[in-house]
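Biologist: I would like to learn how to read cavities and a chain interface. Can we take them in turn?

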Amino acid sequence: MDYSFFEKKAQQLREEMFEVTVKAKTGHLTSSLSCTDILTALFYGGILRYDPKAPDWEGRDYFILSKAQASPILYEVLADTGYFPKEDLNGFAQAGGKMGVHLQSSVPGSEILAGSLACGFGIAAGLALALKKNRENNMVFALLGDGECYEGAVWETAAFAAHNRLHNLVSIVDRNYICATHFIEDELSLEPIEDKWRAFGFEVKRVDGHSFPELFAALANVRSRRSTKPLVIIADTVKGKGIPMISDQPLWHGITVTDESDIAQARKELYNK
Amino acid sequence: MQKKTTMRDTFWNRVYELAKEDRDVIIVSADMGAPALDKFRSDLPGQYVNAGIAEQNALLIATGLALKGKKVYAYAIAPFITMRCFEQIRLYPAGMNLPITVVGVGAGVCYEESGPTHHAVEDISILRILPHMTIYSASDNQMTHSFADITYRQKSPNYVRLDRIVLPNIYPDGTDFSEGLGILRPVAEKTIIATGSMINTALQVSDTLREKGISVGVIDAYSIPIQIEKFRKATKNASVLYTLEEHTLPGGLGSQVCELVMDYNLPLKVRRSGFDFSQGYCYTYGGRMEIHRQYDLDVESLVSKIEAE
């Protein structure tokens with residue numbers, strides 16, 4: 001299989017999203033870059049069922065961005081796929097704009113208000129439960145951050161999802177190894193993260209979150225799994241992927257590049273990839 | 001007339017009847033039961049979800065269900081289902097304006113022997129400030145029964161605040177509870193406005209003072225926030241309002257009354273009665289009345305207070 005389309009699409013999304021945050025002088029750039037390839041696979045790889053012209057289509061899959069600080073990349077994807085005009089991104093986090101740094105449910109395709117961690121994941125489980133009760137075969141995809149897994153409520157939901165055999169719930173943990181202030185494993189370790197999810201009753205897969213072959217392999221047949229366990233994919237990623245000067249560095253959480261020289265350097269690194 | 005049933009059984013019995021006719025009615029319990037729920041669980045197992053002792057997740061599951069069109073009741077002991085998951089209530093039922101009804105048993109200090117962990121004494125303060133939220137504070141079973149219907153029809157979030165014990169019946173069959181305020185003794189110059197079980201205290205105070213020749217009105221504020229037009233109309237003949245709540249003073253019923261009086265420049269004096277926890281929570285045991293006496297919420301203290309003015 002040729003993955004060049006996805007490589008190019010992810011690159012385009014990164015570039016456009018980068019410019020949106022630079023213009024706005026805000027937005028969680030590095031958190032968005034770490035999950036760009038994951039969103040590309042879901043939205044452009046035929047995994048998610050959705051209709052940008054009918055955001056409320058009953059037959060859609062639900063994509064729940066639980067790590068809602070990555071809203072810049074979701075908004076970019078929603079605009080790129082046609083949920084709303086790309087011009088709307090120019091108003092990101094600015095006066096008169098329709099969307100801010102965290103997720104706003106009024107934005108078509110965003111599904112929920114989010115920004116307080118662990119909430120989206122629980123809502124995803126509630127949606128999956130409702131779909132099961134209704135005997136509807138839509139799927140629910142939730143994207144969590146690894147730092148988000150510090151929240152106790154994540155594990156309340158994990159226990160619930162496994163007990164209720166929410167096999168229609170696919171969770172992806174964007175494992176970029178950095179939370180707001182430091183490297184996760186140094187500060188307060190989450191490993192062995194696979195064992196934790198497995199112990200809670202999940203089917204666990206671990207992939208390179210920047211490898212389309214691995215992402216698609218993990219997402220293949222998610223609608224026809226034999227297991228009744230919910231699936232979690234731990235996707236190892238690099239926070240800030242695509243711009244080496246801000247990659248894998250804790251102090252680049254929650255911001256974008258704002259100094260002229262930084263912007264020039266970041267552009268050089270991103271565009272001349 | 002509802003017979004000697006607890007409020008929670010009254011409420012869940014009515015929700016059961018509604019749920020039998022509407023499969024979209026779902027209860028999400030955070031490991032909280034009720035005899036009436038046993039029937040619900042056995043007859044309608046697909047409409048009952050136990051989230052375990054995990055109130056935050058209970059509210060999030062409720063949210064996911066509501067986003068798929070379910071009419072969800074999230075249920076536990078009042079302080080836990082309002083405060084442990086306050087952020088989830090704030091963001092989802094309130095923030096996204098979803099038809100989720102939070103049901104808390106244990107209004108005020110009715111878990112009298114359990115201490116501050118189980119006292120629901122800040123729930124009105126924190127929930128009445130949220131967008132779209134309506135608090136239904138039950139004072140008798142007729143009302144509680146009606147709250148099931150009201151919340152079932154509501155398209156926005158609600159909090160139903162129920163007492164743990166069997167309270168006397170106050171309202172006749174067929175009472176319309178859409179007004180938000182009930183006039184239980186004609187509004188007079190001095191009038192008590194109370195909520196929940198304290199209505200019974202207010203009625204006793206009014207009756208005691210009537211024997212002494214003093215007319216005291218009683219208003220039941222069972223729906224909070226109180227709507228200004230209804231408040232204005234109800235208090236037209238009053239000049240001193242005595243607010244009475246089994247709840248902390250900051251932010252509660254009395255606070256809302258003060259806000260209305262100030263914001264709308266109403267010619268009313270307000271005297272508040274409730275808990276002052278500024279020096280610490282209440283660890284008094286020996287019954288609810290013992291607690292009321294400590295905080296001057298007993299009939300005798302209130303009679304003296306109103307008589308003295």
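Biologist: What volume does the largest cavity have?

Modeller: A cavity is a set of points on a 1 Å grid over the protein atoms alone where a 1.4 Å probe fits but cannot get out. Grid points are joined across faces, edges and corners, and the volume is the space filled by probe spheres set on the points. Here the largest cavity has a volume of about 90 Å³. The model is predicted: local features need pLDDT of at least 70, side-chain atom pairs count only at pLDDT 80 or more, and totals for chains, interfaces and linings use all residues. Residues are numbered from 1 along each chain as its sequence is written, chains are lettered from A and ligands numbered from 1 in the order in which they are written, and side-chain values use heavy atoms, with hydrogens and water left out.

Biologist: Which residues line the largest cavity?

Modeller: Lining residues have an atom within 4 Å of a point. For the largest cavity they include A:Phe43, A:Tyr50, A:Arg60, A:Asp61 and A:Glu111. By class, the lining has seven nonpolar, one polar and four charged residues. Ala, Val, Leu, Ile, Met, Phe, Trp, Tyr, Cys and Pro count as nonpolar, Asp, Glu, Lys and Arg as charged, and the others, Gly among them, as polar.

Biologist: How many cavities of 30 Å³ or more does a search of the whole structure find?

Modeller: The search finds three. The second largest cavity holds about 60 Å³ of space. Its lining includes B:Lys71, B:Tyr73, B:Ile100 and B:Tyr152.

Biologist: Which element gives the most to the lining of the second largest cavity?

Modeller: Elements are DSSP runs numbered from the N terminus: helices (H or I, at least four residues) and strands (E, at least two). The answer is β3(B), with three residues. The classes in this lining are five nonpolar, five polar and one charged.

Biologist: How many residues does the contact take from chain B and from chain A?

Modeller: Contact means heavy atoms within 4.5 Å. The contact takes 23 residues from chain B and 25 from chain A. Buried area is the accessible area (1.4 Å probe) that two parts lose on being put together, summed over both. Between these chains it is about 1,900 Å², with carbon and sulfur atoms giving 65%.

Biologist: How many salt bridges does the rule find across the interface of chain B and chain A?

Modeller: A salt bridge is a side-chain nitrogen of Lys or Arg within 4 Å of a carboxyl oxygen of Asp or Glu. The rule finds two across this interface. One of them joins B:Lys68 and A:Glu58, with the closest N and O atoms 3.5 Å apart.

Terms used: 1 Å grid on protein atoms, 1.4 Å probe; cavity = no way out; pocket = protein on both sides within 12 Å on 5 of 7 lines; lining within 4 Å.
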